[in-house]
Amino acid sequence: MAIKLIATDMDGTLLRDDKTFDYDKFETLLDLMDERGITMVAASGNQLKQLKAYFAPVNPERLTYISDNGALVTRGDEVLGEAVLTKAQIARVLKWNSETKAHMENLIVLSGHEGAYVSNHATAEIIMGVREFYPSVHQVEKFLDIDDEIFRLSLVWPPEVDVQKQVRELRDIFGSELHATGSGFGSVDILSHGTNKRRGLEELSRRLHIQPSEMAAFGDNGNDLEMLRYVGLPFVMPNAEDFMKVRVDNIALNDNNHNGVVDTIEAILAGAYDN
């Protein structure tokens, strides 16, 4: 069956480690996809504004976006779906974190419509690090006083912490009302129940009348698994951790630093993966 939609994660997948990709080749492929009526989707834990900045060299309006790990789905100026955390949910996670994890000194980041929010106790060095992933960062005294819709609460752990262990613990405690997933760079993202990249693709399937079997997707981390299991043609990156490679059938042609996604999309369009 012909592919009608291609979705890609960003960090560790389309993006090189320096946060760039092969703009010229990608734009050529976009032209070919437009001719064939194929929708290109950026599906990422990043905020929408950050995603559009990544695609500025190829015109960001040519893509559809699943941002904040599925909490916001947009196509052009239209919001196709969004899922926000309530203040009560945020309060429960913050309470759990302060009572059980304060000694681990993790960083708390809230992602909302108007930007990212961190504590006013965060150092200038921490703020600089957060700005690598969030274009607009606000320091606040109290997270629960934020006047914004919050899509995602992220707990960023020191490098020595086992992120998957933290994910399992959060799922054991909050699994009936929230979704926790590893998101790379030591981060655990907490979203409303059932929110993930797959749900974003489900919304696009409904709106665009594209079946999962007509979709391809690329990813490298735990927050991509639901999406990869949903589509008919999933690819995991060669640079992904081993736990990903045993869960996904296909490996992209190269790693993220060597045009893995772009080269594999080229092969898909050339018919290399047709049944």
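Analyst: Happy to. On a 1 Å grid over the protein atoms alone, a pocket is an open set of points with protein on both sides within 12 Å along at least five of seven lines, a cavity is a set where a 1.4 Å probe fits but cannot get out, and lining residues have an atom within 4 Å of a point. This is a predicted model, in which local features need pLDDT of at least 70 and side-chain atom pairs count only at pLDDT 80 or more, while totals for chains, interfaces and linings use all residues. Residues are numbered from 1 along each chain as its sequence is written, and side-chain values use heavy atoms, leaving out hydrogens and water.

User: Which residues lie nearest the centre of the largest pocket?

Analyst: Rolling a probe the size of a water molecule over the atoms shows where empty space is left. Here, Val156, Gly184, Phe185, Gly186 and Ser187 lie nearest the centre of the largest pocket, which has 47 lining residues. Its volume is about 1,200 Å³, where volume means the space filled by probe spheres set on the points, with grid points joined across faces, edges and corners.

User: Which element gives the largest share of that pocket's lining?

Analyst: Elements are DSSP runs numbered from the N terminus: helices (H or I, at least four residues) and strands (E, at least two). H5 gives the largest share of the pocket's lining, 4 residues. Among the elements that supply at least two residues each are helix H1 (10-14), helix H5 (124-130), strand E9 (150-156) and helix H6 (163-174).

User: How do the pocket's lining residues divide by class?

Analyst: Ala, Val, Leu, Ile, Met, Phe, Trp, Tyr, Cys and Pro count as nonpolar, Asp, Glu, Lys and Arg as charged, and the others, Gly among them, as polar. The pocket's lining has 16 nonpolar, 19 polar and 12 charged residues.

User: How many cavities of 30 Å³ or more are there?

Analyst: The count is 2. The largest cavity has about 40 Å³, and residues including Thr13, Phe21, Asn256 and Val262 line it. Helix H10 (260-269) gives the largest share of that lining, 3 residues. The second largest cavity holds about 30 Å³. Its lining includes Leu170, Phe174, His179 and Ile190, with H6 and strand E10 (178-182) as the elements that give two or more residues.

User: Now the sheet, please. In what order do its strands come?

Analyst: Two strands pair if DSSP finds at least two bridges between them. This open sheet of 6 strands runs E8-E7-E6-E9-E11-E10, with mixed pairing. Strand E8 (137-140) and E10 are its edge strands, each pairing on one side only. E7 and E8 run parallel and are joined by 4 bridges; Ala116, for one, has Val137 in E8 as its bridge partner.

User: Which strands does H6 lie across?

Analyst: Axes are lines fitted to C-alpha atoms, for helices over the stretch in contact (heavy atoms within 4.5 Å), and angles run from 0 to 180 degrees between N-to-C directions. H6 lies across E9, E10 and E11, at about 175 degrees to E10.
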